[in-house]
Amino acid sequence: MGDEVDIRQVPLLRFAPERVQERLEEAARERTFQRTEFLFAEGEPAEAVFAIRSGRVKLVRHTPRGKELLLHLVGPGESFAEVALFGEGTYPATAIAVERSVVWSWPRRALLELVRTEPELALGMIASISHWTRRLASKLVLLTQRRVEERLALFLIARAGRRTLEPGDTVELPEARHLVAAQCGTAPEVLSRTFRRFEEEGLIRAEGHSIVILDPTRLAGLAAGDEES
């Protein structure tokens, strides 16, 4: 199931005063979702805000022709669906577990009551909504203005976190390749060709779910749009 986090690592609680953290812990409900199980569907009444204890959940929308568009892949410690509390009262996307996932949820009524009495919680939720808005804006730019090679380079560098990549460093990609492709805004077969190209040009070496970075300088150049691949 991958990493597991403590409930107080969730953004909803992390920066809240102790008294608010305690009330949020008391209000949290925990449930396990199996792979492909729905947490909620787009358009359903928004009844709760969620956070991941372990596992991964994808947030998707569907085109009129039924094509699935991946908006986000949510992992341990991340919360989602906060915007539904303040909007039209329905979920703007569908949430589906991509692996066995343990999820916390907070009922809408309980959260709204807390917001009325604890202003710090409202500020935290607004900050989280702002974070998701920036991610959506960044993804829009990525998908409309960058080549597939640049998107993959950006994706691999982002997976390294805050560390500066050195030759021989490893980046883990635990999810299935079709999910990686969706996050890069391309088809699985195009992603596979791009991975092979990166290997042939000596940028990376794929070892199962691990990607060994061989030439971080060139990879960074691609991510910045300064180098042709």
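At what angle do the axes of helix α6 and helix α9 cross, and within what distance do they come? Before selecting anything, note that this is a predicted model, in which local features need pLDDT of at least 70 and side-chain atom pairs count only at pLDDT 80 or more, while totals for chains, interfaces and linings use all residues. Residues are numbered from 1 along each chain as its sequence is written, and side-chain values use heavy atoms, with hydrogens and water left out.

Select α6 (residues 148-159) and α9 (residues 216-223) together: their axes, which are lines fitted to C-alpha atoms over the stretch in contact, come within 7 Å and cross at roughly 120 degrees. Helices here are DSSP runs of H or I with at least four residues, and strands are runs of E with at least two.

Next, show the side chains in contact (heavy atoms within 4.5 Å), which are E149, E150, A153, L154, L156 and I157 of α6 and L219, A220, L222 and A223 of α9.

Stay on α9 and pick out P216, L219, G221, L222 and A223, which are buried, meaning under 20% relative accessible area with a 1.4 Å probe and protein chains only. Their cover includes α6, α8 (188-200) and β11 (210-213). After α9 comes G225, with a positive phi near 80 degrees.

Finally, move to S54 in strand β3 (residues 48-54), a buried residue with a relative accessible area of 0%. From S54 to E78 the C-alpha to C-alpha distance is 9.9 Å, although the two are 24 residues apart in sequence.

Note on methods. Buried means under 20% relative accessible area, exposed over 50%, partly exposed in between (1.4 Å probe, protein chains only). Axes are lines fitted to C-alpha atoms, for helices over the stretch in contact, and angles run from 0 to 180 degrees between N-to-C directions.
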